[in-house]
Protein chains: 2
Amino acid sequence: MKIKVGVSNRHIHLCKEDAEILFGKNYEFKKRNDLSQIGEYACEETVIISTDKYEFPHVRVMGPLREYTQVEVSLDDANLLGINPPVRDSGDLDNSEAVWITGPNGKIYKENCCIRANRHIHCNKLDKIGYNNSDIVTVKTKDKIMDDVHIKMKDSFVLEMHIDKTDAANFGLENGDYIELE
Amino acid sequence: MKIKVGVSNRHIHLCKEDAEILFGKNYEFKKRNDLSQIGEYACEETVIISTDKYEFPHVRVMGPLREYTQVEVSLDDANLLGINPPVRDSGDLDNSEAVWITGPNGKIYKENCCIRANRHIHCNKLDKIGYNNSDIVTVKTKDKIMDDVHIKMKDSFVLEMHIDKTDAANFGLENGDYIELE
């Protein structure tokens with residue numbers, strides 16, 4: 001079974017409270033483009049993500065707002081920032097890393113917000129991939145084996161594997177490539 | 001005038017001598033995909049690029065072979081490697097940086113090989129962009145000004161602006177976006 005690959009750049013999800021500190025009271029974010037998962041989109045807005053070691057000046061805000069603020073970075077990004085974020089599911093933020101987040105209206109030092117997203121496959125039951133939600137599987141690229149890929153199954157999900165830029169570089173994968181799931 | 005953007009990942013061009021050390025005598029590289037510039041292509045093969053600070057395990061080899069070996073990295077890559085490569089035209093390698101290059105058949109410490117490619121626009125006379133070869137121009141993204149963009153004019157060139165991943169992130173540009181040249 002072939003599954004399309006989506007490569008995620010570093011990005012941030014914001015909760016309403018942090019969004020208002022960074023962008024102002026009741027700020028309305030502007031959609032830049034839809035993502036492949038239904039209802040998810042990239043915003044025009046960016047924030048600065050920084051530590052005492054390094055700064056990424058334009059990190060894309062993703063919409064819509066969530067219950068939690070979460071910064072997702074790659075291993076290379078983490079090494080530049082000088083932090084050691086755990087590899088996690090979205091929303092699993094206990095004991096994750098802290099970074100500075102700066103917007104046009106304010107700046108916050110946010111603890112327990114920064115993770116490396118685990119490699120995962122979004123799918124729904126109708127895709128009949130032969131695995132269940134939370135299973136951890138191995139996939140094949142053209143010439144490599146990639147393990148520790150987490151299945152995320154939900155009725156609203158669209159079949160696609162998400163990996164970060166470091167994984168993409170190391171496995172020779174680009175946006176729109178396909179991997180094989182056995 | 002709108003011009004399409006191509007975002008370059010870190011990559012390497014090889015001369016025949018280095019290619020033979022890294023991959024073996026008369027090794028024939030396999031084409032992975034054509035690039036937008038005619039005759040240029042990405043190979044299936046990758047090398048390891050490293051310093052005493054960091055390692056990129058799968059850096060794409062570009063074809064065809066050139067007269068010189070050249071490693072092109074972004075500012076973020078350079079910071080991870082702990083080196084300070086100059087911003088240059090392709091082939092302008094005097095006093096550029098040194099890195100280790102490792103292939104399946106051998107390893108070389110290559111001095112004067114590593115640069116950050118300058119931001120540039122490939123074009124040919126028929127594109128009538130209103131500038132000449134080697135001119136340095138300013139372009140507009142949706143919401144930013146990008147200066148120090150070098151014009152590279154040649155009959156065989158296809159109109160496209162090339163920037164590296166750090167510039168792409170900082171200017172909010174992705175592969176296939178358009179910038180405006182006045």
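**View 1. An arginine over a phenylalanine ring in chain B of the predicted model.** B:Arg10 lies over the face of B:Phe56, at 3.7 Å from the ring centre.

**View 2. Aromatic pairs, one edge-to-face and one tilted.** Over all chains, the count comes to 10 aromatic pairs. One of them joins A:Tyr54 and A:Phe56, whose ring centres are 5.5 Å apart and whose planes stand at 70 degrees, an edge-to-face arrangement. A:Tyr54 is buried, with a relative accessible area of 15%, and A:Phe56 is buried as well, at 2%. The rings of B:Trp100 and B:Tyr109 have their centres 5.1 Å apart, and the pair is tilted because its planes meet at 55 degrees. B:Trp100 counts as partly exposed, at 34% relative accessibility, and B:Tyr109 is likewise partly exposed, at 45%.

**View 3. An aromatic cluster in chain A.** The rings of A:Phe23, A:Tyr27 and A:Phe29 belong to one aromatic cluster.

**View 4. The six-stranded closed barrel of chain A.** The strands follow the order E1-E13-E10-E12-E11-E14 around the barrel, with mixed pairing, and the twist from one strand to the next averages 45 degrees. Strand E1, residues 2-8, and strand E14, residues 178-181, run antiparallel in chain A and are joined by three bridges. Within this region, A:Ile3 stands opposite A:Ile179 of E14.

Methods. Residues numbered from 1 in each chain as written. Chains lettered and ligands numbered in written order. Predicted model: local features only at pLDDT ≥ 70, side-chain atom pairs only at ≥ 80, totals over all residues. Heavy atoms only, no water. Pairing = 2+ DSSP bridges. Helix = DSSP H or I, 4+ residues; strand = E, 2+ residues; numbered from the N terminus. Axes fitted to C-alpha atoms, helices over the stretch in contact; angles between N-to-C directions. Phe/Tyr/Trp six-rings, centres within 6.5 Å; stacked < 30°, edge-to-face > 60°. Buried < 20%, exposed > 50% of the residue type's maximum accessible area, 1.4 Å probe, protein only. Lys NZ or Arg CZ within 6 Å of the ring centre and 35° of its normal.
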